[in-house]
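Hello,

Here is the structure I promised to pass on to you. Have a look at it first, and then read my notes below.

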Amino acid sequence: MVYSRITKYWPSKPVQWVRLAQIFAGLFFASAALWKFNNYFWIGDQTLKAHADFWLNNNWPPEWYQWFMRNIVQSHDRLFASMVILLQLVPGILLISNIVPRWGAFMLLIIQINVYLGVYD
């Protein structure tokens, strides 16, 4: 019964699995953005500056990226926290709603490259 209702609106092509993965990726990034909003701004018990301190104290970023994190990110941590939240929430919504998903995927690629550089060991 439920299967017939799902297949009525869901196309039976290989594209459906790509769409399903797109929805899950969008939910993952949208929920990560909401978690960050909750902890950085709403409750306020964590900050991006504290996370950057932890990464820098463990010497995780490469040398050339450590300068950027110390001098730019930590001095403007609220601005960068807002940018991270928006760069995860907006593309996540784009992927979930299937509105220009390639732009959303590209924005997520850019933010993930920055995350990788920030915590690279």
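**Aromatic pairs**

There are seven aromatic pairs in the structure. To count, ring centres of Phe, Tyr or Trp (its six-membered ring) must lie within 6.5 Å; planes under 30 degrees apart are called stacked, over 60 edge-to-face, and the rest tilted. Phe-28 and Phe-29 make an edge-to-face pair, because their planes stand at 85° with the ring centres 5.1 Å apart. Phe-28 is exposed at a relative accessible area of 53%, whereas Phe-29 is buried at 12%.

A tilted pair joins Phe-37 and Trp-42, with 6.4 Å from centre to centre and 40° between the planes. Here Phe-37 is partly exposed, with 38% relative accessible area, and Trp-42 is exposed at 66%. Trp-64, Tyr-65, Phe-68 and Phe-80 come together in one aromatic cluster.

Before you go further, please note that this is a predicted model: local features need pLDDT of at least 70 and side-chain atom pairs pLDDT 80 or more, while totals for chains, interfaces and linings use all residues. Residues are numbered from 1 along each chain as its sequence is written, and side-chain values use heavy atoms, leaving out hydrogens and water.

**Phe-80 and the overall fold**

Phe-80 from that cluster sits in helix H5 and is buried, at 16% relative accessibility. Beyond its neighbours within four places in sequence, Phe-80 is in contact (heavy atoms within 4.5 Å) with Leu-48, Phe-68, Ile-72 and Val-73. Lys-49 is 31 residues from Phe-80 in sequence, and their C-alpha atoms are 9.5 Å apart.

The protein chain has six helices and zero strands; these are DSSP runs numbered from the N terminus, with at least four residues of H or I for a helix and at least two of E for a strand. Of its 121 residues, 28% count as buried. Among contacts between residues at least 6 apart in sequence, 61% join residues at least 24 apart.

**Pocket and cavity**

Where is the empty space? Rolling a probe the size of a water molecule over the atoms shows where it is left. On a 1 Å grid over the protein atoms alone, a cavity is a set of points where a 1.4 Å probe fits but cannot get out; a pocket is an open set with protein on both sides within 12 Å along at least five of seven lines, and lining residues have an atom within 4 Å of a point.

The largest pocket holds about 460 Å³. Its lining has 20 residues, and Leu-48, Val-84, Ile-111, Asn-114 and Val-115 lie nearest the centre. Helices H2 (15–42), H3 (48–57), H4 (63–73), H5 and H6 (101–119) each supply at least two lining residues. By class, 15 are nonpolar, four polar and one charged. Ala, Val, Leu, Ile, Met, Phe, Trp, Tyr, Cys and Pro count as nonpolar, Asp, Glu, Lys and Arg as charged, and the others, Gly among them, as polar.

One cavity of 30 Å³ or more was also found. The largest cavity is lined by Tyr-40, Gln-46, Thr-47, Leu-48, Asp-77, Arg-78 and Ala-81, and helix H5 (77–97) gives the most to this lining, with three residues.

Best wishes

Conventions: Points joined across faces, edges and corners; volume = space filled by probe spheres on them. Buried < 20%, exposed > 50% of the residue type's maximum accessible area, 1.4 Å probe, protein only.
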